[in-house]
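Below are some short notes on one part of this model, for use alongside the coordinates.

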Amino acid sequence: MDLQAFFAENTPPFPEERVKLSERLGGEFRIRGISEEESAGIRRQCVKNAAGETDPADYLCRLAAACVVEPDLQNAALQRSWGVMGAEDLLKRMLSAGEYAKLVERVQAVCGFDLPVRELADEIKKGSCRATQN
């Protein structure tokens with residue numbers, strides 16, 4: 001095995017893609033994959049109870065907001081135009097339910113999830129997760 005292939009300088013950046021969510025929106029969203037380190041930070045923000053359980057809907061929303069490069073969801077003028085404060089609230093207000101679902105699906109794909117996070121969570125709860133089978 002060539003250890004050099006794993007060195008940071010020899011590893012390409014996380015993937016990016018452009019996504020047209022609908023004809024209603026004037027342009028494409030540019031999204032990027034993120035590291036597990038970034039994902040873990042997002043998960044820590046989504047703990048919903050003392051048992052340390054993660055709120056999957058909150059996680060997916062924060063993940064989507066973290067992965068959107070364009071439009072700049074942190075832009076104050078864009079947030080003002082939609083009457084919200086914060087990237088997550090902007091996504092929820094700006095996008096239709098279907099557009100939001102499409103964005104979340106593409107974000108999961110660009111981050112390397114083979115199965116949607118909700119599907120994985122359901123399988124783990126049932127004790128039959130394809131992602132962990134050998």
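1. Helices (H or I, at least four residues) and strands (E, at least two) are DSSP runs, numbered from the N terminus. Contact means heavy atoms within 4.5 Å. This is a predicted model, in which local features need pLDDT of at least 70 and side-chain atom pairs count only at pLDDT 80 or more, while totals for chains, interfaces and linings use all residues. Residues are numbered from 1 along each chain as its sequence is written, and side-chain values use heavy atoms, with hydrogens and water left out.

2. Helix 1 spans residues 36-45, and its buried residues (under 20% relative accessible area, 1.4 Å probe, protein chains only) are S39, A40, G41 and I42. Helix 2 (56-67) is included in what covers them.

3. S39 lies in helix 1. Its relative accessible area is 4%, so S39 counts as buried. Beyond neighbours within four places in sequence, S39 is in contact with I34 and Y59. The side chains of S39 and Y59 make a polar contact at 2.6 Å (a pair of N or O atoms within 3.5 Å; within protein, one must be able to donate a hydrogen and the other to accept it, and residues adjacent in sequence count only if both atoms are side-chain atoms).

4. Helix 2 also packs against helix 5 (residues 97-110), at an angle of about 75° and with the axes 9 Å apart (axes are lines fitted to C-alpha atoms, for helices over the stretch in contact, and angles run from 0 to 180 degrees between N-to-C directions). Helix 2 is therefore roughly perpendicular to helix 5 (65 to 115 degrees). Helix 2 contributes A57, L60, C61, L63, A64 and C67 to the contact, and helix 5 contributes Y100, L103, V104, V107 and Q108.

Key
Buried < 20%, exposed > 50% of the residue type's maximum accessible area, 1.4 Å probe, protein only. Parallel < 35°, antiparallel > 145°, perpendicular 65-115°, else oblique.
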